[in-house]
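Student: Please take me through one part of this model closely, beginning with a single residue and its surroundings and then turning to the helices and the charged pairs. I would like the cut-offs behind each term as you go.

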Amino acid sequence: MTVLIVEDEEKLARFIELELLHEGYTVKKASDGRTGLEIAETGEADLILLDIMLPGINGLEVLRRIRKTSAVPIILLTARDSVMDKVSGLDMGADDYITKPFAIEELLARIRAALRKSEENSHVNQNTLLTSGKLNLDVSSHTVSYDGNEIELTNKEFKLLKKLLENKTVVLSREVLLEDVWGFDYLGETNIVDVYIRYLRSKIDDTFSQKIIHTVRGVGYVIKE
């Protein structure tokens, strides 16, 4: 497994590199955002450790650009007080974050968890095209369309729609959706699922005058043919 470290603190990057090498990983490093993005775009990394505060292109912009074409696991390295950076990073598609300073054992555990989840998802995503009537979601290209009309979704909207399509005709509770899309340790408002369902409906159901996402009152949500 290859881990790309994008970190401008040389001593920290070297420390992480040595620990990863000891654990049997192959390591690539970049000390600025532009170089990190160039390496990431080669597709050689199985996971990326991405500092937010980087020279050149900052980490959140690097994340945004990577997510246009790749679902590679990304763990953000953040400062202790950068709450908004954490929230923005997760909303933009980061898989996890860890706050500096951190224990290397925790970082290694988070890397293993992210790689394990990525491998599990890859098995689920072998059939990359998920459909419901004229609605198509292509996992490999990260695109959604209805009757040939492309629909622009945020990363969280995409993940939520994907989960619903993977379980078509099965009613999914808010708790299940919250855990799968936002993560078991999400600390925000519990009604975030309802908010994002409204976003999806405004972009799909309302735009194309089709009722695709159904509410089962008191239970959750389901996509029906």
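Tutor: Asp-180 counts as partly exposed, at 34% relative accessibility; on this scale buried means under 20% relative accessible area, exposed means over 50%, and partly exposed lies in between, with a 1.4 Å probe and protein chains only. The model is predicted, and for that reason local features need pLDDT of at least 70 and side-chain atom pairs count only at pLDDT 80 or more, while totals for chains, interfaces and linings use all residues. Residues are numbered from 1 along each chain as its sequence is written, and side-chain values use heavy atoms, with hydrogens and water left out.

Asp-180 belongs to helix H7, residues 174-182, where helices (H or I, at least four residues) and strands (E, at least two) are DSSP runs numbered from the N terminus. Leaving aside neighbours within four places in sequence, Asp-180 is in contact with Lys-117 and Lys-163, contact meaning heavy atoms within 4.5 Å.

A lysine with another setting is Lys-100, which sits in the loop between strand S5 (96-99) and helix H5 (104-124) and counts as buried at 16% relative accessibility. The side chain of Lys-100 makes a polar contact of 3.2 Å with the side chain of Glu-9, and a polar contact of 3.2 Å also joins the side chains of Lys-100 and Asp-51. Such a contact is a pair of N or O atoms within 3.5 Å; within protein, one atom must be able to donate a hydrogen and the other to accept it, and residues adjacent in sequence count only if both atoms are side-chain atoms.

In H2, the residues Gly-33, Gly-36, Leu-37, Ile-39 and Ala-40 are buried. They cover an arc of only 165° around the axis, which puts them on the same side of H2; the arc is that of the directions from the helix axis to the C-beta atoms. The cover over these buried residues includes strand S1 (2-6), S2, S3 and H3.

In helix H3 (residues 59-66), Gly-59, Leu-60, Val-62, Leu-63 and Ile-66 are buried. Their arc around the axis is only 160°, which puts them on the same side of H3. Among the elements that cover them are helix H2 (33-40), strand S3 (47-51), strand S4 (74-78) and helix H4 (83-91). Where H3 starts, a side-chain oxygen of Asn-58 comes to within 3.0 Å of the backbone nitrogen of Leu-60.

The charged residues of H3 come next. Glu-61 forms a salt bridge with Arg-64, with the closest N and O atoms 2.7 Å apart; a salt bridge is a side-chain nitrogen of Lys or Arg within 4 Å of a carboxyl oxygen of Asp or Glu. Glu-61 and Arg-64 are separated by about one helical turn, because they are three residues apart in helix H3. Glu-61 is partly exposed at 22% relative accessible area, and Arg-64 is partly exposed at 35%. Glu-61 also meets Arg-65 in a salt bridge of 2.8 Å, N to O, and these two residues of helix H3 are four residues apart, about one turn of the helix. Arg-65 counts as partly exposed at 32% relative accessibility. Elsewhere, salt bridges that share partners join Glu-7, Glu-9, Asp-51 and Lys-100 into one network.

A search of the whole structure finds 15 salt bridges. One of them pairs Glu-17 with Lys-29, whose closest N and O atoms are 3.0 Å apart. Glu-17 lies in helix H1 (residues 10-22) and Lys-29 in strand S2 (residues 26-30), so the pair ties together parts that are 12 residues apart in sequence. Glu-17 counts as buried at 13% relative accessibility, whereas Lys-29 counts as partly exposed at 37%.
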